[in-house]
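Here are a few exercises to work through with the model open beside you. Try each task before you read its solution.

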Amino acid sequence: MSKLFAVIIALAAANAAQAAPAQDEIDKLLHQKGLVARLGDSIQHATNRAADLVVNAMDAVGVPYRKGGNSADTGFDCSGFVRAMYQQTVGMILPRRAEEQAAATEQIEKAELQPGDLVFFNTMRRAYSHVGIYVGDGKFIHAPRTGAHVRVESMKVSYWEKRFNGARRVLDAAPQEQISTSRVTTRESVAPRSYRLGGTFSQPSVPATQLETKTALGQGI
């Protein structure tokens, strides 16, 4: 099964899951005609790792929000969801808190967003207090808040447009065995090049052995 076909199946399942009566009006955006096809086209032009990441994230649609949660079994908060998806799919250990994830990744322009990139929002009157994974076509997947579930939403909705705080791209880093409270790591033992989940290979902008964050790991938002 091609990755694009797998993505389309996952997106269709996500649409069905979000049709539950408990979902608010924002989720109705997922039923716009052609949504699955448009996202499929976006992901087709992304790297294989970005497609894998989006498919894995879509599998978590419907998992309940839980403050401090970092697994599908117990629930996710926003940063716990992002961290789990990157660890499970790409083999990278991101920092635990949303603002730490922003500090440990490469800043990009909103117009440069590609599937697999991170999007940040100011939802608690402080910068980078909420994070999600961009899936294409102006939409992102995230764990919203207490009482809600992992779902896909449009960044064009007024609430998210007003609170958009920046976009980030995750680059390759150090082997997982070297994980510490101040590093982002990957399972690869050697990383001569960096990868951009939504783009192409390039020379690393930071040393491949480590990517320092500003603060120690903490509980998620």
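**Exercise 1: Getting your bearings**

How many helices and strands are there in the protein? Also work out what share of the residues is buried.

*Solution.* Bear in mind that you're looking at a predicted model. Start with the secondary structure: the protein has six helices and 11 strands. Next, go through the burial: of the 221 residues, 49% are buried. Finally, take the contacts with a separation of 6 or more; residues 24 or more positions apart account for 61% of them.

**Exercise 2: An aromatic pair**

Classify the ring pair F121 and F164, then place it in its surroundings.

*Solution.* Step one is the search: across the whole structure, seven aromatic pairs turn up. Step two is the geometry of this one. The ring centres of F121 and F164 are 5.9 Å apart and the planes sit at 75°. Planes over 60 degrees apart count as edge-to-face, so that's what this pair is.

Step three, find the two partners in the chain. F121 belongs to strand β5 (residues 118-121) and F164 to strand β9 (residues 164-169), so the pair links distant parts of the chain, 43 residues apart.

Step four, check burial, with the cut-off at 20% relative accessible area. F121 has 0%, so it's buried; F164 has 22%, so it counts as partly exposed.

Step five, look around. Ring pairs join F121 and F164 with F140, Y159 and W160 in a cluster. F164 also has K110 over its face, 4.7 Å from the ring centre.

**Exercise 3: A glutamine in a helix**

Is Q101 buried or exposed, and which residues does Q101 touch?

*Solution.* First locate Q101: it's in helix α5 (residues 98-103). Its relative accessible area is 0%, so Q101 is buried. Now leave out residues up to four places away in sequence, and the neighbours Q101 touches are S79, V82, R83, L94, P95, R96, F120 and V131.

Note on methods. Residues are numbered from 1 along each chain as its sequence is written. This is a predicted model: local features need pLDDT of at least 70, side-chain atom pairs count only at pLDDT 80 or more; totals for chains, interfaces and linings use all residues. Side-chain values use heavy atoms; hydrogens and water are left out. Rings of Phe, Tyr and Trp (its six-membered ring) pair if their centres lie within 6.5 Å; planes under 30 degrees apart count as stacked, over 60 as edge-to-face and the rest as tilted. Helices (H or I, at least four residues) and strands (E, at least two) are DSSP runs, numbered from the N terminus. Buried means under 20% relative accessible area, exposed over 50%, partly exposed in between (1.4 Å probe, protein chains only). A charge sits over a ring if NZ of Lys or CZ of Arg is within 6 Å of the ring centre and within 35 degrees of the ring normal. Contact means heavy atoms within 4.5 Å.
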